[in-house]
Amino acid sequence: PGGLVSTIGVGMDKALNKSFPGSTLTYQTSSGGLANAMLVSQGKVPLGFISDMEALVFKEGRKPFKEPITNLRMLFKPYVGAYRFQATHVLANKEWAEENGIKTFADIAEKKPKMRVAVNRPGNLDGDASITGFEAIGVTLDDIEKWGGQVVRAASKEMTSLILDRRLDLVSFGISYNHPRVREIANGIDVVMLPMTEKTANTIAEKMGTQPCMFKAEEYKFLASDSYSACVGLGTFVRADMDDQVAYDVTKAIFENVDVFKSAHRLLEKTVTLEHLAEPGVVPFHPGAAKYLKEKGLLKN
């Protein structure tokens, strides 16, 4: 437990308790959204948080699942991709970028530079999103090694240390806008963020379940022009056979006490809207949730 997702659980607990005094929402730890999908599907827990990328994986039955999971439905989205709570950042050592004529992410495919690059660990969907981004511009991990470079698979903390030690030329990871790790890199070395095109962001979205989002040039001093990125939202999932009235009541409690829900975290206070809570995902809404959203005019179909 910890971080924004746990705080969302706290916000849910407060909102539910306001509508249903005496109710309690507790949480248990897991190894992430993919594990949550299985736990909820098997009825071991009634509710779980699962990211957009993870939802696409269980819906299509990609590894580690042997077949699609079809008995999960969504109640609402605690946050959406547009909030940029997890947005792909492609950060390069400025000296290396200038030496190789790299001004944008797509330039890598044209220039074929020798580079030491890091993406997230094997089995981590953020790493898969970064790899998909490279493939979208026509570059594979094998290409990087053929050009005389090196590919490192590491968590964002390790990536940060390695690029600050100048043992990497470029890192690609999904992290929130202006995250401390991003600031640490920018404060430690001369760095540039390589702008991504809308086409590349859309390709990642199609294959990974992410959403295209934007960074304005003025938002980062090391970003020369506006850039698209691949951003990830989060869904609240239950089993399809949850009682319709329970699903309706839980959804209604969150929406009607949205200020209480948002008060759990400053980022939620700044960003959450009813329209975003009702944003569709890759998996349908639970019928009970859909009923409430349609009553409020937040869901058309």
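A salt bridge here is a side-chain nitrogen of Lys or Arg within 4 Å of a carboxyl oxygen of Asp or Glu. By that rule, the count in this structure comes to 6 salt bridges. Please keep in mind throughout that this is a predicted model.

The protein chain has 15 helices and 10 strands. Its radius of gyration is 20 Å, close to the 19 Å that the globule rule gives for 301 residues, so the chain is as compact as a globular protein of that length. Along the principal axes, the C-alpha trace spans about 60 × 40 × 35 Å. Of the 301 residues, 53% are buried. If you take the contacts with a separation of 6 or more, 73% of them come from residues 24 or more positions apart. The accessible surface is about 14,100 Å², and carbon and sulfur atoms hold 47% of that.

Now the salt bridges. I'll go through some of them.

Lys77 and Asp52 pair through their side chains, at 3.0 Å from N to O.

Another salt bridge joins the side chains of Glu60 and Arg62, with an N to O distance of 2.8 Å. Glu60 has a relative accessibility of 42% and therefore counts as partly exposed. Arg62, at 27%, is partly exposed as well.

Then there is Asp241 with Arg239, at 2.7 Å from N to O. Asp241 is exposed, because its relative accessible area is 55% and the cut-off for exposed is over 50%. Arg239 comes in at 25%, so Arg239 counts as partly exposed.

Glu54 is found in helix α3, which covers residues 52-60. Leaving out neighbours within four places in sequence, Glu54 is in contact with Gly32, Gly33, Leu34 and Leu125.

Two more residues before I stop.

Ser156 lies in helix α8, residues 156-164. The relative accessibility of Ser156 is 17%, so Ser156 counts as buried, the cut-off being under 20%. Its side chain makes a polar contact with the side chain of Arg181, at 3.1 Å. Not counting residues up to four places away in sequence, Ser156 touches Phe173, Ile175 and Arg181.

Leu267 is in helix α13, residues 266-271. At 22% relative accessibility, Leu267 counts as partly exposed. How far apart are Leu267 and Pro46, in sequence and in space? They are 221 residues apart in sequence, and 26 Å apart from C-alpha to C-alpha.

Definitions and conventions
Residues are numbered from 1 along each chain as its sequence is written. This is a predicted model: local features need pLDDT of at least 70, side-chain atom pairs count only at pLDDT 80 or more; totals for chains, interfaces and linings use all residues. Side-chain values use heavy atoms; hydrogens and water are left out. Helices (H or I, at least four residues) and strands (E, at least two) are DSSP runs, numbered from the N terminus. Contact means heavy atoms within 4.5 Å. The radius of gyration is taken over C-alpha atoms; the globule rule is 2.2 Å times the number of residues to the power 0.38. Buried means under 20% relative accessible area, exposed over 50%, partly exposed in between (1.4 Å probe, protein chains only). Accessible areas come from the Shrake-Rupley method with a 1.4 Å probe; for residues, only the protein chains shown count as cover. A polar contact is a pair of N or O atoms within 3.5 Å; within protein, one must be able to donate a hydrogen and the other to accept it, and residues adjacent in sequence count only if both atoms are side-chain atoms.
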